[in-house]
Amino acid sequence: MSLLQKDQNTSNLIERKDDIKPNSTFSRNSLFSTDETKIKKNTVQKEKQTTLRVSEAVSLDIKSLMLLTDTNNANEMLSILLEHYQTDLSIDEIAEFKQIKKILGKNK
């Protein structure tokens, strides 16, 4: 048989049967709609971190208090110490502390 001649054997041809339909269909609305409960996950932003240089003695004190109070990191320990210190401040000193903190926060 020549390469230019067509093969007369049609038994190898694939016959098309009925249309194949999908198992499930989607509408345009169901594809592009969002579920609000899925979007509203825990949106806690990470706080920026900074470095605080302290003497070795203060560093050892903080580490010792961390072990004593079973806190996870120095940030938690310092937060506890700051809260405790602020309870001893007067109302005027608390207001002044908040104002200074606000001003220092704007400068960054």
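The structure is a predicted model, in which local features need pLDDT of at least 70, side-chain atom pairs count only at pLDDT 80 or more, and totals for chains, interfaces and linings use all residues. Residues are numbered from 1 along each chain as its sequence is written, and side-chain values use heavy atoms, with hydrogens and water left out.

Helix α3 spans residues 56-69 and helix α4 residues 74-87. Helices here are DSSP runs (H or I, at least four residues), numbered from the N terminus. The two axes come within 10 Å and cross at roughly 90°. Therefore α3 and α4 are roughly perpendicular to each other.

From α3, Ile62, Leu65, Met66 and Thr69 meet Ala74, Met77, Leu78 and Leu81 of α4. Contact means heavy atoms within 4.5 Å. By class, this contact has 7 nonpolar, 1 polar and no charged residues. Ala, Val, Leu, Ile, Met, Phe, Trp, Tyr, Cys and Pro count as nonpolar, Asp, Glu, Lys and Arg as charged, and the others, Gly among them, as polar.

Leucine 65 lies in α3. Leucine 65 has 30% relative accessibility and so counts as partly exposed. Buried means under 20% relative accessible area, exposed over 50%, and partly exposed in between (1.4 Å probe, protein chains only). Beyond four places in sequence, leucine 65 contacts Met77 and Leu81. The C-alpha atoms of leucine 65 and leucine 78 are separated by 9.7 Å.

Threonine 71 sits in the loop between α3 and α4. Threonine 71 is buried, at a relative accessible area of 13%. Beyond four places in sequence, threonine 71 contacts Met66, Glu76, Met77 and Ile80.

Notes
Axes fitted to C-alpha atoms, helices over the stretch in contact; angles between N-to-C directions. Helix = DSSP H or I, 4+ residues; strand = E, 2+ residues; numbered from the N terminus. Parallel < 35°, antiparallel > 145°, perpendicular 65-115°, else oblique.
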